[in-house]
Amino acid sequence: MKDYELTLQSKRPVSPDVWEFVFRSAETLPPIRCGQFLHLKVGGEFLLRRPFCIYKFDAQSVSLIVAVVGGGTRRMVRMREGEKAKAVLPIGNGFTLSENHRKILLLGGGVGCAPLVTVPVTYPDREYVSYIGFSDKGAVAFENDFSAFGKTVICTDNGSAGRCGYVTDVLREDIEKIAPDVILVCGPTPMMKAAARLSYDTKIPAYMSGETRMGCGVGACLVCACAVKNPDGSVSNKRACVDGPVFNLEDILL
């Protein structure tokens, strides 16, 4: 695991309080897989690094989707093009598909859609159907990303864009005709709880990428511990940064 010096190439607003940042590296970056993340030193008075999913990547650049929710992310929005930052990457176990997973259902909510965009890059030889949900029309993002590799259904809570209703409720109406082999999920906790019930009811396996606070990013501080069911029914704490952030949705205690 190595620290890379990244230079901010560009930034742009994606939706209210959500930004895309593109960082370039003078060095060739290591191989990156879908669902992995980086740990970024945002600078200023913020000593702890911030974890961000890798939205897009190539051999010398990474794009991040950042929701402005606190001091660290507000500091990032003030960054100027050409400013440098250090990051450890890639971190974590991403999404892994088996050969039996031929039809993939991507289920995202809000900024949680971002980690799913790289799945077809890592696994281009599969069929994809995407259901992505947002609060309202103004928050809708990523539509072009998902539409580029398969059918995409947009949902909004108030019906101002796409189909009306929570994305998991809309998906439940359609799940039988889609008949996916696996569901990959990322989004807010209520959405993932609903996805877990859907997976249980339909017997379709599901895997989730968690959003959690992290301290060290290397498994030492235990800030990101989450409760996971073991095969024998017992519960243990796993570290999202090194044991995840992708887990079997059935095993996570949400």
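Reply:

**The nonpolar core**

The largest nonpolar core has 26 residues, and those with the most contacts inside it are Leu97, Leu106, Val119, Phe142, Phe146 and Leu184. A nonpolar core here is a set of buried Ala, Val, Leu, Ile, Met, Phe, Trp, Tyr and Cys residues joined through side-chain atoms within 4.5 Å. Buried means under 20% relative accessible area, exposed over 50%, and partly exposed in between (1.4 Å probe, protein chains only). At least two residues of this core come from each of strand S4 (50-58), strand S7 (103-109), strand S8 (127-134) and strand S11 (182-186). Strands (E, at least two residues) and helices (H or I, at least four) are DSSP runs, numbered from the N terminus.

This is a predicted model, in which local features need pLDDT of at least 70 and side-chain atom pairs count only at pLDDT 80 or more, while totals for chains, interfaces and linings use all residues. Residues are numbered from 1 along each chain as its sequence is written, and side-chain values use heavy atoms, with hydrogens and water left out.

Take Leu97 from the core list. Apart from its neighbours within four places in sequence, Leu97 is in contact (heavy atoms within 4.5 Å) with Ile104, Val119, Tyr123, Arg126, Tyr128, Val182 and Leu184. Two of these partners, Val119 and Leu184, are also named among the core residues with the most contacts. A second, separate core of 24 residues includes Cys155, Ile183, Leu198 and Val228.

In general, nonpolar side chains in soluble globular proteins tend to be buried together.

Next, the cysteines. The structure holds 0 disulfides, a disulfide being a pair of cysteine sulfur atoms within 2.5 Å. For Cys113, the nearest cysteine sulfur is that of Cys186, 8.2 Å away. Cys113 is buried, with a relative accessible area of 0%. For Cys186, the nearest cysteine sulfur belongs to Cys53, at 6.9 Å. Cys186 also counts as buried, at 2% relative accessibility.

Finally, the chain around the core. The protein chain has 5 helices and 15 strands, and 49% of its 254 residues count as buried. Among contacts between residues at least 6 apart in sequence, 62% join residues at least 24 apart. The C-alpha atoms fill a box of roughly 50 × 45 × 35 Å, taken along the principal axes.
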